Amino acid sequence: MTTIAEYRAIAREGLWDNNGVLTMMLGLCPAMAMTNSATNGLGMGLATAAVMTASTMLVSVFRNRFSQEVRIPVFVLIIATMVTVVDMCMNAWMHELYKVLGLFIPLIVVNCLPFARIEMFASKNPVLPSLADGFFMGAGFTLALTTIGAVREITGSGTLFADASLLLGPAFKFMEMRLLPAGTGILMMILPPGAFLVTGLLVVCKRMIDERSGKAVQINAAHCAP
Amino acid sequence: MSSQRTLIHGMILGAFCLGFGMLLVMTNSFTKDDIALRAVEDRQNSLRQVIPDSIHDNNLATDTLTMKNDQGKEVIVYLATREGKVTGVAFETSRSGYSGEIKVMMGVDPQGKILGARVLSHKETPGLGDKIEVKKSDWMLRFTGLSLGNPPPDKWKVKKDGGQFDQFAGATITPRAVVRAIREGLEFFDANKANILEFKSTQTMGASTGKAQIKEAVK
């Protein structure tokens, strides 16, 4: 049985200690390409989190059914299926957001983060902890993307959560803010260089906070394709 | 022994493929209708922006005919009719901008006057080239009411090239491409005007009465 403390540790790992983008440095391609606004970052993060939660759960359910030799194709199959399901559902029921993110949803298949967590965690652990791991890793990814998006959007366009109502529904219109007058933003921040700058600065910030709180900085970056 | 193991692995993998394939089939059958509906809505929305609702009583998105433009590319022409008369047509025109294709949907009345033009999709630089979106600037609205003779052909350019259309600070290629796309759209309509109006008449009404009505509409 997994105890509450263990679930708390899983949550902490996913959201902060072992954050997919800021510590493990995985999934950087969507983290940079899709974060020219906080809303896009949030949308991409949520889509990835949905895929991760579903696929870690499924891998864990079937973890004793497939042999070591075919596990990689099975992981790929499960992730690809989940991505396609999310893609179709978004196209059908969240069409406005799909028009913005549509091109990038299929790319979740090649995001290393789900793959890494499946290999490291879900294929060796029971269903509920795996589900929690997928969910919190996805949530940490969403958090990182939204933060990168927010910093870039504020500095680049002077707005925050512009068009959030397209993503979350008209009830969230209040989230759309203009912080700086139109036309004053630094254009570079919403262009690709801004993504590198902001991601780098956030990694630095996170490590400084970790260091100040006296924790040994974990560097267990597991690199694979972006 | 090893070939037997390979067989087992193959079967396991095959079983997973089958299972997840079925999951995809199910999702597809649940979402198929909604996805098709969204595509039609998208088209109707973009058509509504270039053809005013008040001038037609038909369904624009379904009354279409396919023409070929002078580069041999197929163009879908959406017809707006009111009481059987063609009151406007809409079609897509495109041109390469600063980065990638800029797709413009434009509506034209039977006399060749622009009813409206909107950019459907583009990949121009945010903050510089994206002023072609109506959301960001009213630049696109200035095309409404213009035609091939107004302004004269040598003025269908951006100011930098000696024409009458404003370019944006820091972005000339983008508006140049849009102006050119729209001019080409008008030329396409002009070249195929008779065909477009004729085709409609033979398609949906008696040939003789139809033509008479179309002529009236053209006047």
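Reader: What pattern does chain A follow, read along the sequence?

Author: Happy to walk through it; bear in mind that this is a predicted model. The secondary structure of chain A comes to nine helices and two strands. Placed in sequence order, these elements give chain A the pattern α-α-α-α-α-α-α-β-α-β-α.

Reader: How much of chain A is made up of buried residues?

Author: Here a residue counts as buried if 20 or more other C-beta atoms lie within 10 Å of its own. By that cut-off, the buried share of the 226 residues in chain A is 47%.

Reader: And what share of the contacts in chain A with a separation of 6 or more comes from residues 24 or more positions apart?

Author: Good one to ask next. A contact here means C-beta atoms within 7 Å. Among contacts in chain A with a separation of 6 or more, residues 24 or more positions apart account for 76%.

Reader: Turning to chain B, how do the residues divide on the side of domain 1 that touches domain 2?

Author: Chain B has domain 1 at 1-50 and domain 2 at 52-218, with their C-alpha centres 37 Å apart. Their contact takes 13 residues from domain 2 of chain B and eight from domain 1 of chain B. On the domain 1 side, the residues divide into three nonpolar, three polar and two charged.

Notes: Residues are numbered from 1 along each chain as its sequence is written. Chains are lettered from A and ligands numbered from 1 in the order in which they are written. This is a predicted model: local features need pLDDT of at least 70, side-chain atom pairs count only at pLDDT 80 or more; totals for chains, interfaces and linings use all residues. Domain bounds come from an automatic or database domain assignment. Two residues are in contact if their C-beta atoms, placed from the backbone, lie within 7 Å. Ala, Val, Leu, Ile, Met, Phe, Trp, Tyr, Cys and Pro count as nonpolar, Asp, Glu, Lys and Arg as charged, and the others, Gly among them, as polar. Helices (H or I, at least four residues) and strands (E, at least two) are DSSP runs, numbered from the N terminus. A residue is buried if 20 or more other C-beta atoms lie within 10 Å of its own, exposed if 12 or fewer, and partly exposed in between; C-beta atoms are placed from the backbone.
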